[in-house]
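Biologist: Could you take me through this one slowly? I keep hearing terms and want to see what stands behind them.

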Number of protein chains: 2
Amino acid sequence: MISTSIRRQFRSIVGEDWFLDTPEDLATYSYDAFLPEFKPDGVIVPQNTDQISRIMYIANREKINIIPRGAGTNICGSSVARKGGMIMAFHRLNKILEIDHESMCAVVQPGVVNAELQKEVEKKGLMYPPDPASLFVSTLGGNVALNAGGPRGVKYGVTRDYVLGLEVVLPTGDIIRTGGKTLKNVTGYDLTRLMCGSEGTLGIITEITVRLVPLPTAKATLQAVFSDVDDAAKTVSSIIASGIVPTTLELVDRVVLDVIKDYGGAEFPPEAEALLLIEVDGEPSALAAQGERIKEFCKERGAIQVDRATSNEEAEKLWQARRSAFGAVARLRPNCIVEDATVPVKRLPEMIRKIVNLAEKYRLKIGVLAHAGDGNLHPLIMTDLRDKEEMDRVDQAVEELYEAAISMGGTLSGEHGIGIAKDRFMSKEFSERTIEIMRGIKRVFDPNNILNPGSFL
Amino acid sequence: MISTSIRRQFRSIVGEDWFLDTPEDLATYSYDAFLPEFKPDGVIVPQNTDQISRIMYIANREKINIIPRGAGTNICGSSVARKGGMIMAFHRLNKILEIDHESMCAVVQPGVVNAELQKEVEKKGLMYPPDPASLFVSTLGGNVALNAGGPRGVKYGVTRDYVLGLEVVLPTGDIIRTGGKTLKNVTGYDLTRLMCGSEGTLGIITEITVRLVPLPTAKATLQAVFSDVDDAAKTVSSIIASGIVPTTLELVDRVVLDVIKDYGGAEFPPEAEALLLIEVDGEPSALAAQGERIKEFCKERGAIQVDRATSNEEAEKLWQARRSAFGAVARLRPNCIVEDATVPVKRLPEMIRKIVNLAEKYRLKIGVLAHAGDGNLHPLIMTDLRDKEEMDRVDQAVEELYEAAISMGGTLSGEHGIGIAKDRFMSKEFSERTIEIMRGIKRVFDPNNILNPGSFL
């Protein structure tokens, strides 16, 4: 618990209205998009780096846990006060400080919403590629802390690939800068990338310099329907191996398609077992040919229907099915657990078969949504958290799922993070020595273990 | 010094012929492409990970320094026994273990030569983009340890952007694995990227999984000559800001052009003050238009001559000037010091003016070669290491150069590393606290400070 005197000190740093501790406030910040609730002892909303530094200095001295939190959209529980302490929120740090067109970068505060940055840079003919599904809500600080991915990852990579430099407040209150505005930088250890995906455990990100790329001048969107999910999965790795680099290559399986049909009224042929949504972007002159090649590819590999959007509206319509998936699935059972297993692209068909087997073996309803082009699968387990017996089966299936992913050369998490959702599986992917190294790094940054101590280590 | 008994132990691990300690052997390994000489106490050439683990176990116990070394082409002195100890060489670990076309990656041993990997993957229509100038000699292990860049960096980034996973032997002898074969991976701290650019100070890289991309089907090569270096530099940032993403965008200044002319007989208009070499790659259909746009761009910004290669032979000829630069410059004075200042692209014209000023101020001959498209400049200081008075001026100029780069938002090193060449400048870029964090990380990996202890920390 935080003493009255310390609360007073925090209030004097951030201003009376920006330290929140009413029961309502604490309830609001007691969970993120991952479900379990942990009530914090307070919520602090600083306005600038200096305030954050002063807060951390006190927190470190008094050993008060601090949990940095963007929009709380992460689904691994990495922004909740699992071990008590204070949530630090960033909605007062929400400015785009600079868009440097000539150097192809932007400098932003951590509370800037992803879509807001996208919109502003697009006005200048630029693009910030990372596009997590949460982009209309989630913030850049959270995106960096979780190293967020998104559908465009196949071509453009993840958040880490766009972070050039950071300002960070260490758990001790010291302010450091890493990287800068240059694309190339090999000076000292790469603290910039070490922060990416560190889930708020190493430092508080107070400023971010991101790389921008030219906004593609055109795109082509295609949808291919298959009567066999295995054909669809194999088509994915064939497209990737063919030399085409799609912007997105999404797979939706029969389970999810059925739900979408019932929910949103989208029409698919009755024999549809899987759908691929494929987008390519680039110079208009190159796209027509690429679209045709993809169409041929899908047909040769057994697609029963391939549609190419001829307008933005049609493209939007093709995206509808993919976009409505989460909402549709969430209605089916009380809860939907989104997993994040990731495998080398070649192993995609095998992994999808494994998921189908797990659903049968453990009598569960599991659908598959996948950023298939980069081997990143999101099995959707439709369940009821209150049903203890069913949840035991879910736990077993999930464990087996990740064992399979790792045995295929994959990983526990492609883009969602570990947090408290998957920390128990860390030893499946890493040796004890590797985890010890990670814990050692944590101690270097945070000797008193006050920064998000409940997360993955 | 290493005792006879320990030498015997090392010999029994790697085999009699693979522990070298004749005066000739020690001389061979006493310098890398950076000049100062440091004679090692021995050279060990292991054959596999297990041997390396056993060597490190002994070295750690006996506190014997180990300096991992690829081909020794680095120019920052990061592979010499500055504080004594044993060089570890990797020419027995030179196999490409797997090229996985469908998952777009390859698994290699650290001693594989960069160009060898390029050649093998190109046979399959794939490309490994990082292309340091040393590519025909330098090894993948060295490339990762130094996070090597290259001319293609403008479009494709540096080595770090292609490393997916590593096997690493820690200084204590433990073997760990990081990352894997997947494009996306956010499980735990990013030890994979932390190893990139760590200059052999954190662990010994024994296996590398690299990402591959499709081999571009076509390229266009252009050369633009300017009568004003400022026009050339400004053209660079205009091209970058225009939405064109060149594969390479190199700048050569008048000083270097003059040397090339005298040396190789290449012809340039007499008023030539700078040359841009520009390459774009991609789909043939898009390239013609891009080539035209670049041509227009250069002309509008004052280019007095723009040539576009119409065949591979012509492209090769345009590259000749750029490629012969180092050789030509090296003949002019006894020594040529290659610097590696990097600035945001927008500041390129300013940085080039600064270099011209420094040459005047300190009465030095300095040419400029730049990977201009990513703001990475290589000032070439033509000098004589034996001339103490001149070297004092060189030292002052270099210090001022890096102060300028950092004040422009740049960095000490874009792609060459810090090593013993620039460790004295670290405090110009980083606060004491940041360096302390780096030292802390070093201690986590290497508590006895035996791995390349002479390098940048």
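Biologist: How many residue pairs are in polar contact across the interface of chain A and chain B?

Modeller: The rule finds 32 residue pairs, both partners at pLDDT 80 or more. A polar contact is a pair of N or O atoms within 3.5 Å; within protein, one must be able to donate a hydrogen and the other to accept it, and residues adjacent in sequence count only if both atoms are side-chain atoms. By the way, this is a predicted model: local features need pLDDT of at least 70, side-chain atom pairs count only at pLDDT 80 or more, and totals for chains, interfaces and linings use all residues. Residues are numbered from 1 along each chain as its sequence is written, chains are lettered from A in the order in which they are written, and side-chain values use heavy atoms, leaving out hydrogens and water.

Biologist: Why is the pair A:Lys184 and B:Asp374 called a salt bridge?

Modeller: A salt bridge needs a side-chain nitrogen of Lys or Arg within 4 Å of a carboxyl oxygen of Asp or Glu. Here the closest N and O atoms are 3.3 Å apart, so the pair qualifies. The count between the two chains is 10 salt bridges.

Biologist: What makes B:Phe445 a contact partner of chain A?

Modeller: Contact means heavy atoms within 4.5 Å. Leaving aside neighbours within four places in sequence, B:Phe445 is in contact with residues including A:Ile437 and A:Ile441. Overall, the contact takes 78 residues from chain A and 78 from chain B.
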